Amino acid sequence: MSIPVMRPWLGEEEAAAAAAAVASGWVTQGPRVAEFERAFAASIGAGHGVAVSSCTAALHLAMLAADIGPGDEVVVPSLSFIATANAVRYVGARPVFADVDASSLNLTPETVEPALTDRTRAVILVDQCGVPADLDAMRKLCDPRGIAIVEDAACAAGARYRGRPVGASADVAAFSFHPRKLLTTGEGGMIVTPDGEFAIRLRRLREHGMDVSAAQRHASRQPVIERYLETGYNYRMTDIQAAVGLVQLGKLPALVARRRELAARYQRLLAKIPGVRMITDPEYGRTNFQSFWMLLPQDAPVGRNELLRLLAAEGISARRGIMAAHSEPAYTHEGPWSLPVTERITADSLILPLFHDLSLAEQDTVIDVLAGALTAAGRHIEASR
Ligand SMILES: Cc1ncc(COP(=O)(O)O)c(C=O)c1O
């Protein structure tokens, strides 16, 4: 048996949509990208959607459009995929690492406040593993100080914050459509914002700083001489990706519902292992369970890496928990940082297989290996399933 950590839920419909885009002859950013932007923004209740080639590109553009640059500091969690911190470096600013809350794994006002200086221009608020961060609480800290909040919602499509989709109330939120996320376009990202001017700047920056898009030029009956207003990038999404994204967007509610069912089953059965902690909904929102993390007790009979080896020996592909950017060679020359929660989580947590068509038998196999390794009562869990 081989159980991957994630398998995207892609099928005939996505294949047909991609084929139709190819057959249309318009394969780069065009009408399907525009349609996907409108549909994604509408599904969230956000004013504008700007599709890009990845969430990393989205975060880079968000930093540029917020005019963050050399001399500025941006507070980020170290406990995140390294793209969060890298986006700050791309614009010549300095990422300042703050610790996270031990339950949500997200930044909170309490963890961010000690990291603020008079150079702090923004906070990148990550919704780690799809658990919504408390944006309103962070606003209370940041708004009076004129500090921008960029929500890194890479993992959070389909998650909810205070009764609305994540991104609905953000000034700027960046999503990822990498296949480790619920909704995938292969590679891809989307920025949502209520601010029309900000969206115009983002669109320009993603397409070489041009004042008119290739699609607009193509549609015009008059010759259009474009101007390049600033240094931009090629961060376009293709129409082939957007065609797949439109189909996936329709499946998002089902994707979330299935993950929540499977996650509830993990929560129920793994709770019988003494001392184990797991991802859970915060009191103000609902996660999409983009990744199901589990934290081992400090006195666990096996360490995290040994547990990963035991799982791999049974054909189960789990992952170490979320990385900590501050301990990677690209960042170790900075600091020192005091991030005790981050260090404990990154050392002792792992991410379990969770995907739409994970069968209950496959899930049982994962649970059995964990229970067998972590407790003598493994059989008890099996009996009470
Ligand atoms: C929190 C976070 N931010 C940013 C990214 C980067 O996303 P992408 O792969 O779409 O560039 C990821 C990807 O895993 C992520 O988890």
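Modeller: Let's begin with polar contacts: a polar contact is a pair of N or O atoms within 3.5 Å; within protein, one must be able to donate a hydrogen and the other to accept it, and residues adjacent in sequence count only if both atoms are side-chain atoms. Here, a polar side-chain atom of Thr56 comes to 2.5 Å from an oxygen atom of the ligand. A polar backbone atom of Cys55 is 2.9 Å from a ligand oxygen, and an N or O atom in the side chain of Lys181 is 2.7 Å from an oxygen of the ligand.

Before you go on, this is a predicted model: local features need pLDDT of at least 70, side-chain atom pairs count only at pLDDT 80 or more, and totals for chains, interfaces and linings use all residues. Residues are numbered from 1 along each chain as its sequence is written, and side-chain values use heavy atoms, with hydrogens and water left out.

Colleague: How many residues surround the ligand?

Modeller: A residue is near a molecule if one of its heavy atoms lies within 4 Å of it. In this model 15 residues surround the ligand, and the closest are Cys55, Thr56, Asp152, Ser176 and Lys181.

Colleague: Which helices each supply at least two residues of that shell?

Modeller: Helices are DSSP runs of H or I with at least four residues, strands are runs of E with at least two, and both are numbered from the N terminus. Helix 3 (55-65) and helix 4 (83-90) are the ones here.

Colleague: Now Ser78: is it buried or exposed?

Modeller: Buried means under 20% relative accessible area, exposed over 50%, and partly exposed in between, using a 1.4 Å probe and protein chains only. Ser78 is in the loop between strand 2 (73-77) and helix 4, and with 0% relative accessibility it counts as buried. Its side chain makes a polar contact with the side chain of His326, at 2.7 Å.

Colleague: Where is Ser104 found?

Modeller: Look in the loop between strand 3 (94-98) and helix 5 (109-112). Ser104 has a relative accessible area of 10%, so it is buried. The side chain of Ser104 reaches the backbone nitrogen of Asn106 at 3.1 Å.

Colleague: And what does Ser327 count as?

Modeller: Ser327 has 41% relative accessibility, so it counts as partly exposed. You'll find Ser327 in the loop between strand 13 (319-320) and helix 11 (340-348). From Ser327 to Tyr284 it's 43 residues in sequence and 31 Å in space, C-alpha to C-alpha.
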